Amino acid sequence: MARPAVLVATPFLLERRALWADGYDLVEPRDLDASGIASTIEALVCSGDALDSGLVNALPNLELVACFSTGYAGIDLAHLRSRGIALTSAAGVNAHDVADHAIALLLAAWHGVVPADRSVRAGRWRDGLPPRPSLRGKRAGIVGLGRIGLEIARRVEALGLSVRWWGPRAKPGVRYERAPSLVDLARGSDVLLVASRAIPANARQIDREVLAALGPKGWLVNVSRGLLVDEQALVEALTTRGIAGAGLDVFADEPPDARVFGRFDNVVLSPHIAGYTAEAGAAMFGQLRENLRRHFAGEPLLTPVEDAPA
């Protein structure tokens with residue numbers, strides 16, 4: 001019996017085939033010119049950062065796009081839906097790690113850990129370091145209360161902050177208060193943590209109005225995707241001290257031009273590593289493998305992407 005053929009659209013996944021591809025014949029996009037190959041492809045695997053719709057159109061019998069990552073901002077979900085193609089992701093495997101990193105950025109930014117470190121290394125000790133306000137009793141606003149947002153809520157609550165959130169849909173059974181709007185959430189927050197889904201409907205949702213509502217004493221933390229923030233508006237707010245500062249793990253273009261955010265002393269930066277742990281990586285490959293197995297076995301998918309935004 002012939003083994004199923006799987007198209008690999010991301011070199012990273014081809015290089016690590018031993019972690020997920022046992023039992024499949026792997027096909028690269030350059031192989032599709034061979035006669036009849038394209039018609040044998042039922043499943044395609046990719047990273048989620050980019051997927052050419054033209055490649056999808058070249059596969060007449062494609063039924064599944066299996067995304068290795070939790071994010072799928074580079075995939076045209078509406079296009080897949082129009083073809084009846086299912087999409088899976090690594091949803092949930094690293095929510096706790098991403099939430100941990102959000103707290104790390106928050107604590108580093110709020111407590112001035114980076115400038116304090118520089119001061120000690122330069123032999124200045126506390127010279128020029130003003131006392132900072134306590135974090136306890138402050139207000140956290142969480143944008144998007146999905147798996148990651150809930151993990152962040154639990155962590156900031158443990159630090160003594162009050163918690164509110166905003167998302168496009170109410171979540172029955174959630175004990176945290178839902179703000180009437182994103183602007184209202186920002187206005188009532190000392191720190192705004194972005195954990196919403198990276199879908200076109202949410203693009204640049206953190207805009208000038210939201211940043212103005214956050215105000216000169218408010219901090220922004222983003223561990224979701226860079227497309228959720230209007231970066232031009234953020235740079236302006238940081239330049240004019242329209243907000244207190246930011247902790248950023250993700251950017252609109254990655255890697256970003258280091259000069260854009262590297263010049264600010266009120267920003268803590270990391271290179272999109274919030275979910276980048278050894279354990280999460282193993283789980284992501286495992287989830288990719290299981291979604292493929294279920295597809296070819298005719299079983300319900302493990303983590304199908306639903307249409308409703310979180």
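I began with the charges of this predicted model: the mean positions of the 34 positive and 35 negative charges of the protein chain lie 8 Å apart. Lys and Arg count as positive, Asp and Glu as negative, with His and the chain ends not counted; each charge is placed at NZ of Lys, CZ of Arg, CG of Asp or CD of Glu.

I noted the conventions. Residues are numbered from 1 along each chain as its sequence is written, and side-chain values use heavy atoms, without hydrogens and water. Local features need pLDDT of at least 70 and side-chain atom pairs pLDDT 80 or more, while totals for chains, interfaces and linings use all residues.

I then looked up the secondary structure: the protein chain has 11 helices and 12 strands (DSSP runs numbered from the N terminus, helices being H or I of at least four residues, strands E of at least two).

I traced an open sheet of 7 strands, in the order β8-β7-β6-β9-β10-β11-β12 with parallel pairing (strands pair if DSSP finds at least two bridges between them). Its edge strands, β8 (177-178) and β12 (267-269), each pair on one side only. Strand β6 (residues 139-143) pairs with β9 (residues 191-194) over 4 bridges, and I found Gly141 bridged to Leu192 of β9.

I turned to His96, which sits in helix α4 (residues 95-110). His96 counts as partly exposed because its relative accessibility is 38% (buried is under 20%, exposed over 50%, partly exposed in between; 1.4 Å probe, protein chains only). Beyond its neighbours within four places in sequence, His96 contacts Glu151 and Arg155 (heavy atoms within 4.5 Å).
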